[in-house]
Amino acid sequence: MMAEREDAPLRAWQRMLSGRRLDLLDPSPLDVEIGDIAHGLARVARWNGQTVGDHAFSVAQHSLLVEDIFCRRRPNATPEERLVALLHDAPEYVIGDMISPFKAVVGGGYKLVEERLQRAIHLRFSLDARVGDRLRKEIKRADRVAAYFEATLLAGFSVSEATRFFGRPAGIALCEDDLTPMPVKLTESAFTRRFDQIEGERSQVARQAG
């Protein structure tokens, strides 16, 4: 493998299996593909891989869980709102899942890149570039519920420890079967399938409105 020249310009783009080249400093919606997102998220481990089971609990599986919890709490949510919930961690297909303690160490640079990617992803799928405060908070609540159950059932946290960090969920019950880590290909397919279902519902609503 050839070494990069010291005077070569720094590369700030990621090549995707779809062939797209996504610029991390100025990501274009045109370079975002759902296949790349599903493929990447299914291979990014939550909790830095420190979870029980034969497979990693991936960000794709976490995203499916959060969207499911969000829908349980908001059964009348629109397809757009459900898609925002499903894609709430989508930037991690590029930047990985950085645990909260490390985000605190890195500081604002990580957050800025994450926000730019999220904006490009939303624009690619005709969602509002900026999520409203109410919806953002509701998705965050679902995210914290998922984190509590992941922490206690997969990541070795005690109930008191998880309650301190994420709060004790009310009105939502999950068991180990709901969080059994799945093989990569199954998770990738499940994520893509759920995306397609929501997009189908969006198209149906648009046709009815037209």
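This is a predicted model: local features need pLDDT of at least 70, side-chain atom pairs count only at pLDDT 80 or more; totals for chains, interfaces and linings use all residues.

User: Is Glu92 buried or exposed?

Analyst: A residue counts as buried when its relative accessible area is under 20%. The relative accessibility of Glu92 is 2%. Glu92 is therefore buried.

User: Leaving aside neighbours within four places in sequence, which residues is Glu92 in contact with?

Analyst: Contact here means heavy atoms within 4.5 Å. With the neighbours within four places set aside, the partners of Glu92 are Leu41, Val44, Val59, Asp97 and Tyr110.

User: How many helices and strands does the protein chain have, and what pattern do they follow along the sequence?

Analyst: The protein chain contains nine helices and two strands. Read along the sequence, the pattern is β-β-α-α-α-α-α-α-α-α-α.

User: What is the radius of gyration of the protein chain, and what does the globule rule give?

Analyst: For 210 residues the globule rule gives 17 Å, and the value for the protein chain is close to that, so the chain is as compact as a globular protein of that length. Along its principal axes, the C-alpha trace spans about 55 × 50 × 30 Å. The radius of gyration is 18 Å, against 17 Å from the rule.

User: What share of the residues of the protein chain count as buried?

Analyst: The accessible surface of the protein chain comes to about 12100 Å², and carbon and sulfur atoms hold 52% of that surface. Counted by residue, of the 210 in the chain, the buried share is 41%.

User: Which residues of helix 3 are buried?

Analyst: Helix 3 runs over residues 79-86, and seven of its eight residues are buried, so the rest of the structure largely encloses this helix. The buried residues are Pro79, Glu81, Arg82, Leu83, Val84, Ala85 and Leu86.

User: Where is Trp47 placed, and what is its phi?

Analyst: Trp47 sits in the loop between helix 1 (34-41) and helix 2 (59-73). Its relative accessibility is 17%, so Trp47 counts as buried. Asn48 is in the loop between helix 1 and helix 2, and has a positive phi of about 55° although it is not a glycine. Trp47 is not a glycine either, and its phi is positive, about 60°.

User: How many disulfides does a search of the whole structure find?

Analyst: A disulfide needs two cysteine sulfur atoms within 2.5 Å. The closest cysteine sulfur to that of Cys71 is in Cys175, 19 Å away, which is too far for a bond. Cys175 is likewise in no disulfide. The number found is zero.

User: Are Cys71 and Cys175 buried or partly exposed?

Analyst: The cut-off for buried is under 20% relative accessible area, and partly exposed lies between that and 50%. Cys71 has 19%, whereas Cys175 has 37%. Cys71 is therefore buried, and Cys175 is partly exposed.

Notes
Residues are numbered from 1 along each chain as its sequence is written. Side-chain values use heavy atoms; hydrogens and water are left out. Buried means under 20% relative accessible area, exposed over 50%, partly exposed in between (1.4 Å probe, protein chains only). Helices (H or I, at least four residues) and strands (E, at least two) are DSSP runs, numbered from the N terminus. The radius of gyration is taken over C-alpha atoms; the globule rule is 2.2 Å times the number of residues to the power 0.38. Accessible areas come from the Shrake-Rupley method with a 1.4 Å probe; for residues, only the protein chains shown count as cover.
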